[in-house]
Protein chains: 2
Amino acid sequence: MTRVFNFSSGPAALPEPVLRQAAAEMLDWQGSGMSVMEMSHRGKEFMSIHAQAQSLLRELLSIPPNYRVLFMQGGAIGENAIVPMNLIGRTGRADYIVTGDWSAKSAKEAARYGKVNLAASAEGSNYTEVPPQATWKLDPGASYVHICSNETIRGVEYHWTPDAGKVPLVADMSSNILSRPIDVGRYGLIYAGAQKNMGPSGLTVVIVREDLLGHALPATPSAFNYQVQSENDSMYNTPPTYAIYIASLVFGWLKAQGGLAAIERHNRDKAAILYDYLDRSAFYRNTVAREDRSLMNVPFRLKDESLDDAFLQGAQARGMVQLKGHRSVGGMRASIYNAMPMEGIRALVAYMEEFEAGHA
Amino acid sequence: MTRVFNFSSGPAALPEPVLRQAAAEMLDWQGSGMSVMEMSHRGKEFMSIHAQAQSLLRELLSIPPNYRVLFMQGGAIGENAIVPMNLIGRTGRADYIVTGDWSAKSAKEAARYGKVNLAASAEGSNYTEVPPQATWKLDPGASYVHICSNETIRGVEYHWTPDAGKVPLVADMSSNILSRPIDVGRYGLIYAGAQKNMGPSGLTVVIVREDLLGHALPATPSAFNYQVQSENDSMYNTPPTYAIYIASLVFGWLKAQGGLAAIERHNRDKAAILYDYLDRSAFYRNTVAREDRSLMNVPFRLKDESLDDAFLQGAQARGMVQLKGHRSVGGMRASIYNAMPMEGIRALVAYMEEFEAGHA
């Protein structure tokens, strides 16, 4: 067996110890005689896994007691509708900050459920920056202000927390949750699809301040009603049990790495090596504003784009996969989430240097 | 490692060869160097798994070409809302046949989205039968007629296909899909959560006739719009990739068993052994009408319910788990889906005889 360095933007690489444990426990979880996939979600075995996942996530993110953690079915695109269904009824309108493709999609979906105010957009810079908060046109009567804390396609990330005043701040953190410590108390609601830093696709984590529950529009499906799920500890329906199990193993792995402060240092070190090289090279380029560059997704272009296919083939031959940029923008992209080891970064930069030398 | 006989109603036992293959491929799927969990859903590796799952399901169920197969996020409780969101807009109203807790829940959820006509209900028999179609009060202007083809809690199953005339028949087949051949052409739409006969929870299969697409209400989230998902081959969002992979292995296992005709014979043989014993015994009883008894879920009660705990403890000690009935009805329940081997049935009946002899 040879493992590759997998730069996929998501579903993405998982820590190898997590996969090893999952493989070892596949037919018999801790002497239960069952796979986790086969367990009733209401049995004591799975209930203990569910509780452990919740408790580890609370510990890693220091989630205050007045926040509920929900393990929902689906992903962030579904949640783009489910968030406004649950929250926009408070005042009928919401502010959206658009910094890339995902926040644009969120804003478009929300418009089905209320009035959406585009309070700021990075379209003018071709989505290469986060617009400074001083330029945002916030509505003090908004039900919430929505941001996407990291845009995977163009690699733009918030390295600061907006101040929405009394309006709850809602963040789609799908692609940078658990990559560094955050102050949960400054948000009204955080949501994240699992398939970047937490586990398999099909699970969405929602962290919601209690006072924001109970405002769902009448059309909200019961399974996606935060109040209903909160009252039922995310078990109004059968939750995605195996995905929650893998997430609990990932949370345990993060804790063993030293928690989010340690993982942040590691992520900063990894990204610095790649960005420093891009900045030194005239052969490759990244055009995102330095202060807004993503630590998770590093898009770059070859000066001569006719070499793109050769670059990708060479990478594949060296065991580095999924480096092709999103089909909407082209170029290359290295997604380097928590589970990407430093060796993967070093191997990539070494290959980039080699390729540059061979084609200069 | 000792595997138990797992009588859970869902998530439920999976075929052991499927689990063995999943364990073996966990770190490296077929030389890709990646776990299936780590694959981009748009990469060639996962696309091949997705196509294989769809093709095997089409083959097993002989799905006609004018039907689309969608692999959706979520489960049947979510789908209880998503079905009317997509279909009830055709005429604004729908017929529901209530044969137990799940179809009652479906009808209640649908009422958010249009006028629900309770065309028939088994409440009068305390949900121990399927009301004969001659008693149904169908609305010829309904958008669809909804049934639940198998009720897991009380063990009531349709062993015939209703004739809804020109009105599309919609069936929640979560708990008996793939347990026997069906004539898909007699249905407008079939939906099923994966976690009984297909794989892990978090995946819902929808089989829909093409002419029923395109009627979604404006409030339908894009991720749950059948037309949108159909146009995007279930990839408008990131699908639950690992669950689809396990389902594809289960479909392959079913094919290797001889397909649905063979699995039906096996399921009939298994259920007959259990029901025959229940009918012979005065110690246990099942009160469902004989012609409507479920082949998948066999609820039964001890004559003396003060022995329930002792019965369950003895079963657990013999490696038979999850035999407790649903908390809403009490008693016992043996769920015996496709993956339950004949040895599990024989072990259960042997234990029931032993327990009866010890407490007569």
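Chain A is divided into domain 1 (17-256) and domain 2 (258-359), with bounds taken from an automatic or database domain assignment. The structure is a predicted model, in which local features need pLDDT of at least 70 and side-chain atom pairs count only at pLDDT 80 or more, while totals for chains, interfaces and linings use all residues. Residues are numbered from 1 along each chain as its sequence is written, chains are lettered from A in the order in which they are written, and side-chain values use heavy atoms, leaving out hydrogens and water.

The centres of the two domains of chain A, taken over C-alpha atoms, are separated by 27 Å. Domain 1 of chain A brings 27 residues to the contact and domain 2 of chain A brings 25 residues, where contact means heavy atoms within 4.5 Å. About 2,100 Å² is buried between these domains, 56% of it given by carbon and sulfur atoms; buried area is the accessible area (1.4 Å probe) that two parts lose on being put together, summed over both. On the domain 1 side, Thr128(A), Ile153(A) and His159(A) lose the most area to domain 2 of chain A, together 23% of what that side buries.

Turning to chain B, an open sheet of seven strands has the order 2-10-9-8-5-3-4, with mixed pairing. Strands here are DSSP runs (E, at least two residues), numbered from the N terminus, and two of them pair if DSSP finds at least two bridges between them. The edges are strand 2 (67-73) and strand 4 (115-121) of chain B, each pairing on one side only. Strand 2 of chain B runs antiparallel to strand 10 (residues 203-209) of chain B, joined by seven bridges.

Notes
Helices (H or I, at least four residues) and strands (E, at least two) are DSSP runs, numbered from the N terminus.
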